[in-house]
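Welcome! Take a look, then work through them with the solutions.

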Amino acid sequence: MESEPSTTSFSFRQNQKNHGNILLTLSADSPAPSAISSLLLELDIQLPPDRTSLVVDHFNYDTNSASDKHDVLLLPQSSAVRSDVRNYFGGDGVVAFPRAVAQELGSSSPLLTPVVRAPDTAYSYNPKEEAVTVEEPFAVGSQISLVSSLQARNSARFTVLGSVEVLENAWFDAKVKAPGAKDIMTSNRNFAKHLSAWTFKEIGVLKVGKVEHHLSSIEENSAGNGSIAQLGYLNPQIYRIKNDVVGLLDHLL
């Protein structure tokens, strides 16, 4: 009988409500428990139903470690999702994704974002199947998200990494080689640093430096009579309905 983790939908929601941040890692070598699959499905993230599939790519793989199975993908670091959104996961070099689990994202949540998508030539494959060709793969190409992120409306962050091996020391600065290319060092260390820093709010957070507010009429009537702060009109505790207020917010990224 499979042992389910204590992480349930309720406890996750409570953690999220309390502004908790989570980095969830998956591995094709260790099938995700049904409780985790159900939780992700609530967030509009679907995992392969057979729970043992992994992502392969016959054009973007490491010939040093996966010359036969092609299940160690070599991909550039993430590009910006939109031109008006800052990219916290980019950089030079390639990231190795060994034996990654495919994630298929729905379109119902505007808070869900793919950080790293698979190339057009990738597909999800169950290694237990002995067929030479895969007729109906779970997902193919850019349908596959290898890393996904969600930021709730209260700014709690949740990241799903499809390959836990990305974070292993063995893949930090490992030598890899794409088909027809030369040996290079991976950028897994740098990518892991950026991914964890964003997830746990070390980067990409608006930090308020100073907040000031006062009635707009005070600014007009007190001209020439000293500053608003000196007159004691700055940051009052209460306002009346329909008061016009002037506010100033200084923030740091």
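**Exercise 1.** What does the accessible surface of the protein come to, and what percentage belongs to carbon and sulfur atoms?

*Solution.* Keep in mind that this is a predicted model. The accessible surface comes to about 14,900 Å². Carbon and sulfur atoms hold 51% of that surface. Now turn to burial: of the protein's 253 residues, 37% are buried.

**Exercise 2.** Find the residues with the most contacts inside the largest nonpolar core, and the elements that supply this core.

*Solution.* Begin with the general idea: in soluble globular proteins, nonpolar side chains tend to be buried together. Here, the largest nonpolar core has 23 residues, and Phe 97, Val 116, Leu 146, Val 147 and Phe 191 have the most contacts inside it. Next, look at the elements: at least two core residues come from each of β4 (72-76), β5 (94-98), β7 (112-117), β9 (144-151) and α3 (188-199). Apart from this core lies another, of 22 residues, including Leu 24 and Phe 158.

**Exercise 3.** Which residues lie nearest the centre of the largest pocket, and how does its lining divide by class?

*Solution.* First, the size: this pocket has a volume of about 500 Å³. Its lining counts 22 residues, with Val 85, Arg 86, Thr 113, Ser 149 and Trp 198 nearest the centre. Sorted by class, the lining has 13 nonpolar, 6 polar and 3 charged residues. Finally, β9 gives the most to the lining, with 3 residues.

Terms used
Residues are numbered from 1 along each chain as its sequence is written. This is a predicted model: local features need pLDDT of at least 70, side-chain atom pairs count only at pLDDT 80 or more; totals for chains, interfaces and linings use all residues. Side-chain values use heavy atoms; hydrogens and water are left out. A nonpolar core is a set of buried Ala, Val, Leu, Ile, Met, Phe, Trp, Tyr and Cys residues joined through side-chain atoms within 4.5 Å. Buried means under 20% relative accessible area, exposed over 50%, partly exposed in between (1.4 Å probe, protein chains only). Helices (H or I, at least four residues) and strands (E, at least two) are DSSP runs, numbered from the N terminus. On a 1 Å grid over the protein atoms alone, a cavity is a set of points where a 1.4 Å probe fits but cannot get out, and a pocket is an open set with protein on both sides within 12 Å along at least five of seven lines; lining residues have an atom within 4 Å of a point. Grid points are joined across faces, edges and corners, and a volume is the space filled by probe spheres set on the points. Ala, Val, Leu, Ile, Met, Phe, Trp, Tyr, Cys and Pro count as nonpolar, Asp, Glu, Lys and Arg as charged, and the others, Gly among them, as polar. Accessible areas come from the Shrake-Rupley method with a 1.4 Å probe; for residues, only the protein chains shown count as cover.
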